[in-house]
Amino acid sequence: CTHHICALVSRCVLGCVHTIYVHWCQGVCWDVYTPYMCTEYSLLQYGDSFTEDATDESLRETFKKVGEKHAVHITQEKIALIESRYFPDESPWGLFRQCKFYLDRFAEIGNSHTAILTSPMEVTALEVRLHGGVVTEDFDESVTHVVCDTSDVSRIPRLRAIERGHTHKHHFVTTEWVQACIQGSRLVDERAFEPVC
C-alpha cells in the first residue's frame, strides 16, 4: 500500500532518517517490509540520490531522465478548481483564471498575420496571462471577454456581428477594465467598461 511509510537509515549521514513512501522503495529495496536491511536504495528511479548532496551535473542528469512522458498536463479549468478550493480569494495570480480573452489587436479579426504594431494590447496580453487568464487569437464561443483599446474601436461593429452568430455572448470591455480588476484584486462589473463606438 502506497500510504504506508517506511524509514530508511542512511549509512552516509549518521543519525539521519529518511522518510519515504513505500512505493518509492519498491524495485529499489530488496525487502520493503524490512527496510533497515536495504543496501541498494541510494539511487531512485531517475538516478536521484537521497544519500548524497546534489550537484549541478547530477540535477541535470536526473531531469534529463524524467522526460516528457512523465509530465502532467492540466487544463485551465482544473487549475481554477484547485485554486478556488485551496486558495480562495488569496492569489492575485489567478484573478482571470476563469476567463478567456480575445484582444482586439489584429486588423483582420482572428488573423495573427495582421497584427497592429502600434496596439497596446501586447502589454494587456502579458498582464492577463500573468493573472491567470488565457489569451486566444480565435474569436470563438469559448471567449468570455473581448478587450478593445479606446483609441481604435473600428472593429467593434464587425466583432458584434460575429457575436450575433454565437450562442454564448461575450463581455466587451476596454483595457481599463483589466487595470481596474488588477488594482481591485477582483473582477469588476464589465458594464462600466464597455467600449463606445
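This is a predicted model: local features need pLDDT of at least 70, side-chain atom pairs count only at pLDDT 80 or more; totals for chains, interfaces and linings use all residues.

Modeller: Overall, you're looking at 6 helices and 6 strands, and along the sequence they come in the order β-β-α-α-α-β-α-β-β-α-β-α. Of the contacts with a separation of 6 or more, 56% join residues 24 or more positions apart. The chain has 197 residues, and 33% of them are buried.

Now for the pair. Two packed helices are described by the angle between their axes and the distance between the axes. Here the partners are helix H4, residues 121-130, and helix H6, residues 175-184. Their axes lie 11 Å apart, at an angle of about 30 degrees, and the crossing of H4 past H6 is left-handed. As for who touches whom, H4 brings Met-121, Thr-124, Glu-127 and Val-128 to the contact, while H6 brings Thr-175, Val-178, Gln-179 and Ile-182.

Then there's the outside. One nonpolar patch on the surface is formed by Ile-74, Ile-82, Tyr-86 and Phe-87, which together have about 400 Å² of accessible area. Ile-74 sits in the loop between helix H2 (56-66) and helix H3 (76-86). Its relative accessibility is 42%, so Ile-74 counts as partly exposed: that class runs between the under 20% of buried and the over 50% of exposed.

Key. Residues are numbered from 1 along each chain as its sequence is written. Side-chain values use heavy atoms; hydrogens and water are left out. Patches are made of residues with over 30% relative accessible area and no salt bridge: like charges are joined within 9 Å, nonpolar side chains (Val, Leu, Ile, Met, Phe, Trp, Tyr) within 5 Å. Accessible areas come from the Shrake-Rupley method with a 1.4 Å probe; for residues, only the protein chains shown count as cover. A salt bridge is a side-chain nitrogen of Lys or Arg within 4 Å of a carboxyl oxygen of Asp or Glu. Helices (H or I, at least four residues) and strands (E, at least two) are DSSP runs, numbered from the N terminus. Buried means under 20% relative accessible area, exposed over 50%, partly exposed in between (1.4 Å probe, protein chains only). Axes are lines fitted to C-alpha atoms, for helices over the stretch in contact, and angles run from 0 to 180 degrees between N-to-C directions. A crossing is left-handed if the near helix is turned anticlockwise from the far one by less than a right angle, and right-handed if clockwise. Contact means heavy atoms within 4.5 Å.
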